[in-house]
Amino acid sequence: MTPRQKAREIAFQFLYRLSLEHSKTVVDPSELEKEFTRHVNHFKTPDTAVDYAERLVKCVLGHAQAIDAMIVKHAENWRLERISAVDKSFLRLGVAELLYFKDVPASVTLNE
């Protein structure tokens with residue numbers, strides 16, 4: 001597994017957990033930072049993957065409205081609330097990479 005693949009896995013796990021734990025509350029950004037650090041330490045994430053995972057998580061959270069709007073726009077006959085937390089987490093990561101990570105070819109994002 002490459003460092004970026006591991007980073008995507010860690011980012012997905014964190015975003016999924018976050019969506020379950022904080023679905024109805026506003027989360028303090030400094031608390032998110034602490035939670036993310038605990039998360040990567042728990043899984044003994046290699047340093048090479050931590051930076052990219054952190055970039056992914058910050059991007060998804062920082063652009064959440066735009067990313068969700070893009071998902072809603074293209075999810076025919078599906079409301080965002082009907083999409084499972086697992087699927088939403090994957091979609092959010094993929095859309096974030098496609099829109100905001102120009103150093104990653106679209107074909108790589110879609111393959112992952």
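How many helices and strands does the protein have? It has 6 helices and 0 strands, where helices (H or I, at least four residues) and strands (E, at least two) are DSSP runs, numbered from the N terminus.

This is a predicted model: local features need pLDDT of at least 70, side-chain atom pairs count only at pLDDT 80 or more, and totals for chains, interfaces and linings use all residues. Residues are numbered from 1 along each chain as its sequence is written, and side-chain values use heavy atoms, leaving out hydrogens and water.

**Stop 1: the whole chain**

Show all of the protein. Along the sequence the pattern reads α-α-α-α-α-α. The C-alpha atoms fill a box of roughly 40 × 35 × 20 Å, taken along the principal axes.

Of the 112 residues, 36% count as buried (under 20% relative accessible area; exposed is over 50%, partly exposed in between; 1.4 Å probe, protein chains only).

**Stop 2: helix α5**

Select residues 85–100. These 16 residues of α5 should span 22 Å at 1.5 Å a residue, and the end C-alpha atoms are 22 Å apart, which agrees. The expected span is 1.5 Å times one less than the number of residues.

Now colour the buried residues of α5: Lys88, Ser89, Arg92, Leu93, Gly94, Val95, Ala96 and Glu97. What covers them includes α1 (3–21), α3 (47–62), α4 (64–74) and α6 (106–111).

**Stop 3: Glu97**

Stay in α5 and pick Glu97. Why does Glu97 count as buried? Its relative accessibility is 3%. Leaving aside residues up to four places away in sequence, Glu97 touches Arg8, Tyr52, Leu56, Val104 and Thr109.

**Stop 4: the second largest pocket**

Select Phe90, Leu93, Gly94, Thr109 and Glu112, which lie nearest the centre of the second largest pocket among its 15 lining residues. The volume of this pocket is about 320 Å³. On a 1 Å grid over the protein atoms alone, a pocket is an open set of points where a 1.4 Å probe fits, with protein on both sides within 12 Å along at least five of seven lines; lining residues have an atom within 4 Å of a point.

α1, α5 and α6 each supply at least two residues of the lining. The largest share, 7 residues, comes from α5.

Notes. Contact = heavy atoms within 4.5 Å. Points joined across faces, edges and corners; volume = space filled by probe spheres on them.
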